Amino acid sequence: RIRLYARLFGRRAALGLILSLLLVELNYAHARWDRFRGRRAPNAGGDTLFIAPGLQWITGGGRVILEVSLQLPLFQDLRGDQPEADYNLLFGLRFAY
């Protein structure tokens, strides 16, 4: 994951600091060949490069992060006959301890 752009904006709320982060990332996914009954599957594996604009909300003194991003493929090199990705919508929740 490579972060290309990040812009911080936010406000102080009654429950603590709530920060919002607008970001753009590059994400790369590589899948190796699969095996079926000991032989290499012909329609498996490949590479995809995504651009992913998204938002992060940071609360709880920086200990809780809620995030959403939309991955859009820039490049796909899939092996064999596979459906290409149109987009991926990702949601995340992280806790720091």
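**Exercise 1.** Decide whether Gln 56 is buried or exposed.

*Solution.* Gln 56 has a relative accessibility of 5% and therefore counts as buried, since buried means under 20% relative accessible area, exposed over 50%, and partly exposed in between, with a 1.4 Å probe and protein chains only. The model is predicted, so that local features need a pLDDT of at least 70 and side-chain atom pairs count only at pLDDT 80 or more, while totals for chains, interfaces and linings use all residues. Residues are numbered from 1 along each chain as its sequence is written, and side-chain values use heavy atoms, leaving out hydrogens and water.

**Exercise 2.** Find which side chain is joined to that of Gln 56 by a polar contact.

*Solution.* The partner is Glu 67, at 2.8 Å, where a polar contact is a pair of N or O atoms within 3.5 Å; within protein, one must be able to donate a hydrogen and the other to accept it, and residues adjacent in sequence count only if both atoms are side-chain atoms.

**Exercise 3.** Work out whether Asn 27 is buried or exposed, and name the side chain with which its own side chain makes a polar contact.

*Solution.* Asn 27 has 11% relative accessibility and so counts as buried. Its side chain makes a polar contact of 3.1 Å with the side chain of Gln 71.

**Exercise 4.** Determine whether Leu 93 is buried or exposed.

*Solution.* The relative accessible area of Leu 93 is 52%, and therefore Leu 93 is exposed.
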